[in-house]
Amino acid sequence: MIKTDAIIIGAGPTGLFAVHQLGIIGLKCEIIDNLDRAGGQCIELYPDKPIYDIPAIPECTGEELTNSLLKQVAPFKANFHLNQRVEEIKKENNLWILKTNKGNIFSAPNVIIAGGVGSFEPRKLTLKEAEKFEGSQIFYSVANKNIFQNKKISIFGGGDSALDWALELSKTNKVTLIHRRSEFRGAAHTLSEVKQKEKEGSILIKTPYTITSIEGDKIMTGIEIKHEDGKLEKIKTDCVLSFFGLIMKLGPIAEWGLNIDKKTIPVNTETFQTNKEGIFAIGDICTYPGKLKLILSGFHEGALAARACFKRAKPNETYRFEFTTASKNIHDRLGLKK
Amino acid sequence: MPKITYITHDGKKNTVEVPTGLSVMEGALQNNVKGIDADCGGSMACATCHVYVSENWLNKIEKIHDAEQDMLDMAYEPKKNSRLSCQIIVSNELDGLEITTPVKQT
């Protein structure tokens with residue numbers, strides 16, 4: 001069991017800045033995220049899109065913002081627990097005990113939920129039959145490409161994941177790339193490689209087509225796709241790879257006994273505490289009168305929540321407000337040389 | 001105030017008044033219209049406000065841009081008349097607009 005002062009759920013910009021705010025007032029924290037890297041929506045949804053409303057930063061991309069925040073919180077040496085989702089939360093005496101789907105257990109007087117709109121999950125095919133082949137013949141990500149050797153593969157999607165895997169798997173397989181329109185939004189150089197493979201005959205491109213059904217009872221034998229003009233076509237397929245990006249799901253948070261209002265958690269604006277003592281919510285996931293879903297609001301919310309955490313983490317100490325410019329304590333915590 | 005009709009995939013109609021200048025997505029959220037999630041809050045980053053626009057209205061709406069088209073690739077069952085409702089801004093010209101929400105957005 002990992003014991004700490006505060007557990008942050010969500011490593012997006014708001015969660016990252018909360019690490020900083022806890023760190024400068026001398027609190028330790030652990031940070032948990034379902035994705036395989038920090039950055040949240042910034043890194044998953046718009047890594048290359050410029051953001052123009054971060055105070056004092058006229059323009060930066062989601063990736064740049066994430067990297068700057070990681071650099072800013074580096075002195076505090078917070079542990080990141082990625083690729084895992086908090087499944088359970090319960091209270092023992094004055095402490096919250098959290099368990100992730102990887103079996104890690106944490107204990108702290110404070111939990112800060114900075115979960116955005118929930119955890120990211122792959123967007124799945126809408127066809128009902130898709131469920132029963134998921135993991136055996138239908139995949140939304142590739143963990144081990146060797147299982148695809150000498151298989152007939154159909155890949156859906158128009159972005160980089162679809163193009164990259166079409167290229168990679170075409171080395172050893174017959175690949176059909178299916179997309180709902182003729183334009184692909186993946187990187188231009190990847191697309192030209194894919195088009196080259198199409199000429200050579202190792203990739204078959206089918207546009208504008210969408211999937212209409214999956215054939216086979218115990219084993220998927222093929223799929224049926226529909227052209228924009230309504231014409232149907234069958235394709236023999238051993239495996240389907242579908243890349244329609246990620247969707248956000250509130251997930252287990254909804255079952256923790258917190259008040260939830262339209263997928264957001266009401267908080268008081270003095271401490272950002274939820275209806276549960278010691279559980280705070282900041283960033284896009286919290287709501288209060290006048291709430292703006294801006295990164296800068298998440299920073300402010302984290303600063304206040306961190307101060308509220310202090311009282312629960314160190315009940316016998318008095319919190320004293322200090323500025324980073326002048327405080328020797330803060331300079332020590334930042335690891336600055338004297 | 002312009003009236004916008006939100007139709008669920010199984011045909012239930014819900015007509016609400018939406019102030020000009022708001023998006024069709026915001027009109028749905030403010031009136032608790034189900035079927036439009038808008039997870040990203042209107043930053044064209046999630047495709048959960050995807051709607052089908054009835055044919056007779058399609059050409060009255062400002063033309064679709066590349067970024068919106070790219071995002072629609074991620075939507076559930078996009079069609080030729082698909083749009084992201086966060087990108088449709090309500091104006092007096094759109095009074096009476098009818099949109100349908102897809103099956104998977106409930």
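Begin by colouring chain A by domain: the assignment, which comes from an automatic or database source, gives domain 1 as residues 2-121 + 247-333 and domain 2 as residues 124-244. The centres of domain 1 and domain 2 of chain A, taken over C-alpha atoms, are separated by 38 Å. This is a predicted model, in which local features need pLDDT of at least 70 and side-chain atom pairs count only at pLDDT 80 or more, while totals for chains, interfaces and linings use all residues. Residues are numbered from 1 along each chain as its sequence is written, and chains are lettered from A and ligands numbered from 1 in the order in which they are written.

With the whole of chain A still selected, note that its C-alpha atoms fill a box of roughly 70 × 40 × 40 Å along the principal axes. Chain A holds eight helices and 23 strands, where helices (H or I, at least four residues) and strands (E, at least two) are DSSP runs numbered from the N terminus. Of its 338 residues, 41% count as buried; a residue is buried if 20 or more other C-beta atoms, placed from the backbone, lie within 10 Å of its own, exposed if 12 or fewer, and partly exposed in between. Among contacts in chain A between residues at least 6 apart in sequence, 60% join residues at least 24 apart, a contact being a pair of residues whose C-beta atoms, placed from the backbone, lie within 7 Å.

Next, select strands β6, β3, β2, β10 and β22 of chain A, which form an open sheet in that order with parallel pairing; two strands pair if DSSP finds at least two bridges between them. The edges of this sheet are β6 (79-81) and β22 of chain A, each of which pairs on one side only. From one strand to the next, the twist averages 20°, with axes fitted to C-alpha atoms (for helices over the stretch in contact) and angles running from 0 to 180 degrees between N-to-C directions. Zoom in on β10(A) and β22(A), which run parallel and are joined by three bridges; here A:Ile113 stands opposite A:Ala281 in β22(A).

From A:Glu301, move to A:Glu270, 31 residues away along the chain, where the two C-alpha atoms are separated by 9.0 Å. A:Glu270 lies in the loop between β21 and β22 of chain A. Is A:Glu270 buried or exposed? A:Glu270 counts as exposed because it has 9 C-beta neighbours inside 10 Å.

In the loop between β21 (265-266) and β22 (279-281) of chain A, select A:Asn268 as well. A:Asn268 is partly exposed, because 13 other C-beta atoms lie within 10 Å. The C-alpha atoms of A:Asn268 and A:Lys152, 116 residues apart along the chain, are separated by 55 Å.

For another helix of chain A, select α6, residues 188-200, which has 13 residues and spans 19 Å from its first C-alpha to its last, close to the 18 Å expected. After α6(A) comes A:Gly201, whose phi is positive, near 95°.

Turn to chain B and select its strands β2, β1, β5, β3 and β4, which form an open sheet in that order with mixed pairing. Its edge strands are β2 (13-17) and β4 (82-84) of chain B, each pairing on one side only. The twist in this sheet averages 35° from one strand to the next. Strand β1 (residues 3-7) of chain B pairs with β2(B) in the antiparallel sense over five bridges, and in β2(B) the bridge partner of B:Lys3 is B:Glu17, while that of B:Thr5 is B:Thr15. These two strands, β1(B) and β2(B), form a hairpin with five residues between them, and B:Gly11 in the turn has a positive phi of about 95°.

Finally, show both chains together: 16 residues of chain A are in contact with 14 residues of chain B. On the side of chain A that touches chain B, the residues divide into five nonpolar, six polar and five charged, where Ala, Val, Leu, Ile, Met, Phe, Trp, Tyr, Cys and Pro count as nonpolar, Asp, Glu, Lys and Arg as charged, and the others, Gly among them, as polar.

Key
Contact = placed C-beta atoms within 7 Å. Expected span 1.5 Å × (residues − 1).
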